[in-house]
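Let's take a friendly walk through a protein model, one piece at a time. Have a look at the picture, then read on.

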Amino acid sequence: MNFAELHNQHQPLLIANVWDATSAVVAQKAGYQVLGTSSAAIASTLGYQDGQGMPLDELFYMVTRIRAVSNLPLSVDMEAGYGDSAEEIIANLRRLAHMGVSGVNLEDSRIVNGVRQLDDASDFSRNLRAVRNVLRSENYNLFLNIRTDTYLLGHESALQETLLRGQSYKAAGADGLFIPCLTSENDISLIAEATGLPLNIMCTPDLPSFDRLKLAGVSRISMGNFVHSAIQSKLTDVMHAIRSHQTFEGLFVVDCSPP
């Protein structure tokens with residue numbers, strides 16, 4: 001079953017979002033079918049702000065390390081593509097394809113002067129169509145999971161704007177539609193039916209159960225950077241505890257239960 005076909009299983013495809021070689025190994029051992037990078041988690045790991053603040057070569061290095069320790073299909077979060085033109089984005093995606101990457105996320109917003117804002121839908125669709133056409137002509141089989149930030153940014157007509165963008169992106173060659181911060185089961189059903197694209201929903205505190213997401217039409221569920229954030233929170237607690245208690249005892253848990 002290839003990467004695209006994994007989006008058409010009986011249950012939604014649960015993506016393990018990873019940020020380094022260790023997290024990739026853990027996810028593979030836990031039985032996940034697919035890995036996806038989290039741009040925010042990788043940026044944090046390397047000491048950068050999210051939003052394409054991380055040098056592209058450093059992202060590619062992390063991808064090579066993940067690929068070196070795991071044979072699972074890998075989708076890479078490329079944010080806005082790390083390019084201002086279709087040509088630049090295409091060049092970046094070629095590099096990923098040569099690394100054996102199966103898919104990418106591309107988003108229709110970017111940070112300008114410290115503020116995230118939506119791209120013009122027509123301009124984004126035009127670039128997406130150019131990217132799709134070149135990749136297809138060169139036989140690069142990357143799954144293009146297109147993220148729209150209508151709900152993330154609290155667009156005043158989020159549902160209507162998402163439907164318009166989703167249909168436009170499908171026509172331009174999107175393989176999947178990714179909508180962070182979408183939690184309404186009614187909206188999920190309407191969007192899934194109207195666009196006909198595999199729909200990717202991301203972890204949020206008020207996200208419905210996986211079973212309910214399946215019934216609403218979700219094909220793919222991702223974690224974003226929330227697992228990484230939870231681990232960092234635990235790390236913070238441990239480091240503070242060592243310093244305040246002046247002991248390492250809290251690091252060691254002895255299992256005294258009978259065999």
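## Starting inside a strand

Let's begin with strand β3, where Leu74 and Val76 point one way while Ser75 and Asp77 point the other way, and all of them are buried. "Buried" means under 20% relative accessible area, exposed means over 50%, and partly exposed is in between (1.4 Å probe, protein chains only). Here's the background: in a regular strand the side chains alternate between the two faces of the sheet. As for the names, helices (H or I, at least four residues) and strands (E, at least two) are DSSP runs, numbered from the N terminus.

Before going further, keep in mind that this is a predicted model, in which local features need pLDDT of at least 70, side-chain atom pairs count only at pLDDT 80 or more, and totals for chains, interfaces and linings use all residues. Residues are numbered from 1 along each chain as its sequence is written, and side-chain values use heavy atoms, with hydrogens and water left out.

## Who sits beside β3?

Two strands count as paired if DSSP finds at least two bridges between them. Strand β2 (residues 34–37) runs parallel to β3 (residues 74–77), and two bridges join them. Leu74 is the bridge partner of Leu35, and Ser75 has Gly36 standing opposite.

β3 also pairs with β4, again in the parallel sense, this time over three bridges. There, Ser75 stands opposite Gly103 of β4.

## Closing the barrel

So what order do the eight strands of the barrel follow? They go β1-β2-β3-β4-β7-β8-β9-β10, with parallel pairing. On average, neighbouring strands of this sheet are turned by 25° against each other, direction ignored. Angles like this run from 0 to 180 degrees between N-to-C directions, and axes are lines fitted to C-alpha atoms, for helices over the stretch in contact.

Look at β1 (residues 13–18) next: five of its six residues are buried, so this strand is largely enclosed by the rest of the structure. β1 pairs with β2 in the parallel sense over four bridges, and Ala16 stands opposite Leu35 in β2. β1 also pairs with strand β10 (residues 218–222), in the parallel sense over two bridges. In that pairing, Leu13 has Arg220 as its bridge partner.

## Helices packing together

Two packed helices are described by the angle between their axes and the distance between the axes. Helix α3 (residues 56–69) and helix α4 (residues 86–98) pack at about 20°, with axes 11 Å apart. α3 and α4 are therefore roughly parallel to each other; the label covers angles under 35 degrees, while over 145 is roughly antiparallel, 65 to 115 is roughly perpendicular and the rest is oblique.

Which residues of α3 and α4 meet? Leu56, Asp57, Phe60 and Val63 in α3 meet Asn92, Arg95 and Leu96 in α4, where contact means heavy atoms within 4.5 Å. The residues of this contact divide into four nonpolar, one polar and two charged. In this scheme Ala, Val, Leu, Ile, Met, Phe, Trp, Tyr, Cys and Pro count as nonpolar, Asp, Glu, Lys and Arg as charged, and the others, Gly among them, as polar.

α3 has another partner: its axis and that of helix α1 (residues 21–29) come within 8 Å and cross at roughly 35°. Ala21, Ala24, Val25 and Gln28 of α1 make the contact with Arg65, Ile66 and Val69 of α3. Those residues divide into five nonpolar, one polar and one charged. Elsewhere, helix α5 (residues 121–137) lies across β4 (103–107) and β7 (143–147), running at about 170° to β7.

Glu79 has a positive phi of about 50° although it is not a glycine. This residue is in the loop between β3 and α4. Is Glu79 buried or exposed? At 2% relative accessibility, Glu79 counts as buried.

Cys181 has a positive phi too, of about 70°, and is not a glycine. You'll find Cys181 in the loop between β8 (176–178) and α7 (185–195), where it counts as partly exposed at 31% relative accessibility.

Finally, find Gln167 in helix α6 (residues 158–172). Gln167 is partly exposed, with a relative accessible area of 40%. Not counting residues up to four places away in sequence, Gln167 touches Ala194 and Thr195.
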